Structures are given as structure tokens and as C-alpha cells.
Amino acid sequence: MTLPANLSYTEEHEWIEDRDELVRIGITQHAAEALGDIVYVQLPDVGDTIESGQSCGELESTKSVSDLFAPVTGEVVAVNEAVVDDPALVNAEPFGSGWLLEVRVTASGPVLTAEQYAELIG
């Protein structure tokens, strides 16, 4: 499994990409594989405020339902409607077109480097 070095990661298996004033958030390939075939994605609305460490959405697979935890605090400025319409994108391209939301950050939570995340997942 490849872990892009330009991303930060959380212990809850989300990734964060710094995009100047915003961050883009998704789930890792490890999480997508553990969930199995994702069939439903529920995300916050644009304009909602999310809080680091708190649930801000759900991913439902053929195996289970898993919470999406916010890795940052801030205002949701975009959601990826493509994954809402076609949740399989999260499995197919978790670090690409399967991203979930973009947030204007007011506070960050704890993050890991790619190396630290790789150690976490073994």
C-alpha cells in the first residue's frame, strides 16, 4: 500500500491534504479496504462546522457502518458530490477522486506523518 508523503494522517484512518487556506479530507486506503465495498456516504453540509475528534459523517459498507471523524475543526466549504452519488469511488481511489470534504480550518487535531501512520497500521 502506498501512503502519499505529502499528506497527514490520523489514528482514525483519515488523511488530510493542506491546500493553502483549506484542507481536503478523505479516508485512507487501509480504511477503505477494511470497510469493504462502500455503498453509502453521508457527509456534513457545506456551511456546517465540524469539530476535531467528533463524528462528522458516516460510511456504510456491505460489512458495517463506520463514523467519519473530523481531523480538524472548521467550516465545511465543499463536499465531494461524486462520492455521494457513487460511493465506490472511495474504494477505487481513496487518495484521489474518492476525497470526501474540504474545510476552512480554525484548529487542527493530532496528526501523523506517512511513516508514523505506516507504523500504526503495521
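Tyr9 counts as buried, because its relative accessibility is 0%. In this predicted model, Tyr9 takes part in a cluster of ring pairs that also includes Trp15, Phe95 and Tyr117. The whole structure holds three aromatic pairs and four salt bridges.

**Aromatic pairs**

- Tyr9 and Phe95 form an edge-to-face pair, because their ring planes stand at 85°, with the ring centres 6.5 Å apart.
- Tyr9 belongs to strand β1 (residues 8–9) and Phe95 to the loop between α3 (88–92) and β9, so this pair ties together parts that are 86 residues apart in sequence.
- Phe95 has a relative accessibility of 24% and therefore counts as partly exposed, whereas Tyr9, at 0%, counts as buried.
- Tyr9 also pairs with Tyr117, and this pair is stacked, with 5.1 Å from centre to centre and 15° between the planes.
- The Tyr9 and Tyr117 pair links distant parts of the chain: Tyr9 is in strand β1, and Tyr117, 108 residues apart from it, is in helix α4 (residues 114–121).
- Tyr117 is buried, as is Tyr9.

**Salt-bridge network**

- Glu17, Arg19, Arg24 and Glu102 are joined by salt bridges into a network.
- Another salt bridge joins the side chains of Glu17 and Arg19, at 3.1 Å from N to O.
- Arg19 has a relative accessibility of 36%, so Arg19 counts as partly exposed.

- The side chains of Glu75 and Arg104 form a salt bridge at 3.8 Å, N to O.
- Glu75 lies in strand β8 (residues 72–79) and Arg104 in strand β9, so the pair ties together parts that are 29 residues apart in sequence.
- Arg104 counts as partly exposed because its relative accessibility is 39%.
- Glu75 also counts as partly exposed, at 35% relative accessibility.

Notes. Residues numbered from 1 in each chain as written. Predicted model: local features only at pLDDT ≥ 70, side-chain atom pairs only at ≥ 80, totals over all residues. Heavy atoms only, no water. Buried < 20%, exposed > 50% of the residue type's maximum accessible area, 1.4 Å probe, protein only. Helix = DSSP H or I, 4+ residues; strand = E, 2+ residues; numbered from the N terminus. Phe/Tyr/Trp six-rings, centres within 6.5 Å; stacked < 30°, edge-to-face > 60°.
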